[in-house]
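Please look over the sequence and the model, shown next, before reading on.

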Amino acid sequence: MSVLTGAAAAESPLARRNPTVKLALLVIVSLAAMFLLDPITPAVLYVLGLVGVAISVRVPARTLALAHVPFLAFAFSVFVVNVLSRSGTVIWQAGPLRVTEEGLSVGAALAARTLLIGVLAVGFLLSTDGVALMTSLHQNARLGARVTYAILAGYRMLQEMPREWSTIRHAHTVRADLRGGDARPPRNPRHLAGAVFTLLIVSVRKGERTAQALESRGLGLEPRTTWRPVRVTGADWRLAAGVLTVLTAVVVGSAALGILQGPGALF
């Protein structure tokens, strides 16, 4: 997560696009991928998505590779489970383990789908500022002020948690008895549990103070003005048209070549 939040490419071409439009495209492509059950179509979309993210977000290859790690792990686990558990035509067997043709196909399709959604999510996170996203959702998607600012306050609290954790650990270290032979800060489970509980209490109190502050400033009253409005421009519509065109072209081309398979492949 720190890889994604720490390397936000604020000046990249994709970062200049409207966050609501990017989020809508992410949801649309992800929903479309849910109905792709052949391995080739989502794999082609993944490669195109990877190239698009690499060009438009402009982050180092190492950052992009590290951001892939959780999705690769999940995709591999999905592939293995389907290969070893799905019934069908057996192409290899050793004792209780067997690999079926249907398991290989469906497992590879689900793994490619995971990577496709993952690379699009990575591109969205690397190119989107949290404040701009919530402002855009409030302004462009008509998300209510109470929900918008509650999520924004929670997002800010999550950003501050590492600093709060460091402060709590330093405070525990100062109070610890370091006069023994092993003069190191306490790291046993009991002290860590105490630090976690302290962080929970601090977060709850901060959330209560934030809620009171928002209520005292008229949260939920209408109409409201926006300090830095996030507008939908022509470039945003061109981005949406381009992504949807590529998605449609790949799916239609896959169907024309007889490759495309839908949810029927699961049964």
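## Salt bridges around Glu160

Glu160 and Arg163 are joined by a salt bridge in this predicted model, their closest N and O atoms lying 4.0 Å apart. A salt bridge here is a side-chain nitrogen of Lys or Arg within 4 Å of a carboxyl oxygen of Asp or Glu. Both Glu160 and Arg163 belong to helix H7 (residues 145–175), where three residues, about one turn of the helix, separate them. Helices (H or I, at least four residues) and strands (E, at least two) are DSSP runs, numbered from the N terminus.

Glu160 also forms a salt bridge with Lys206, with 3.0 Å between the closest N and O atoms. This pair connects distant parts of the chain, since Glu160 is in helix H7 and Lys206 in helix H8, 46 residues apart. Glu160, Arg163, Glu164 and Lys206 together make up a network of salt bridges. Glu160 is partly exposed because its relative accessible area is 30%, whereas Lys206 counts as buried because its relative accessibility is 16%. Buried means under 20% relative accessible area, exposed over 50%, and partly exposed in between (1.4 Å probe, protein chains only).

## Basis of the model

Residues are numbered from 1 along each chain as its sequence is written, and side-chain values use heavy atoms, with hydrogens and water left out. As the model is predicted, local features need pLDDT of at least 70 and side-chain atom pairs count only at pLDDT 80 or more, while totals for chains, interfaces and linings use all residues.

## Asp236 and helix H9

The structure contains four salt bridges. One of them joins the side chains of Asp236 and Arg17, at 2.8 Å from N to O. Asp236 lies in helix H9 and Arg17 in the loop between helix H1 (2–6) and H2, so that the pair links parts of the chain 219 residues apart. Asp236 is classed as buried because its relative accessible area is 1%.

Helix H9 covers residues 234–256, and its 23 residues should span 33 Å at 1.5 Å a residue; the expected span is 1.5 Å times one less than the number of residues. The end C-alpha atoms of H9 are 32 Å apart, which agrees. Besides Asp236, the buried residues of H9 are Ala240, Leu247, Val250 and Ser254. The buried residues of H9 pack against helix H2 (19–33) and helix H3 (40–57), contact being heavy atoms within 4.5 Å. After H9 comes Gly258, which has a positive phi near 75°.

## Annotated transmembrane regions

An unreviewed UniProt entry lists residues 43–59, 66–84, 104–126 and 237–260 as "transmembrane region". UniProt positions are in the numbering used here, feature names are shortened, and annotations may be inferred rather than shown by experiment. In the model, residues 43–59 are 88% helix and 0% strand, with end C-alpha atoms 22 Å apart. Residues 237–260 are 83% helix and 0% strand, and their end C-alpha atoms lie 28 Å apart.

## A nonpolar surface patch

Leu84, Ile91, Trp92, Leu97 and Leu104 form a nonpolar patch on the surface, with about 460 Å² of accessible area together. Leu104 is located in helix H5 (residues 101–127) and counts as partly exposed because its relative accessibility is 32%. Patches are made of residues with over 30% relative accessible area and no salt bridge: like charges are joined within 9 Å, nonpolar side chains (Val, Leu, Ile, Met, Phe, Trp, Tyr) within 5 Å. Accessible areas come from the Shrake-Rupley method with a 1.4 Å probe; for residues, only the protein chains shown count as cover.
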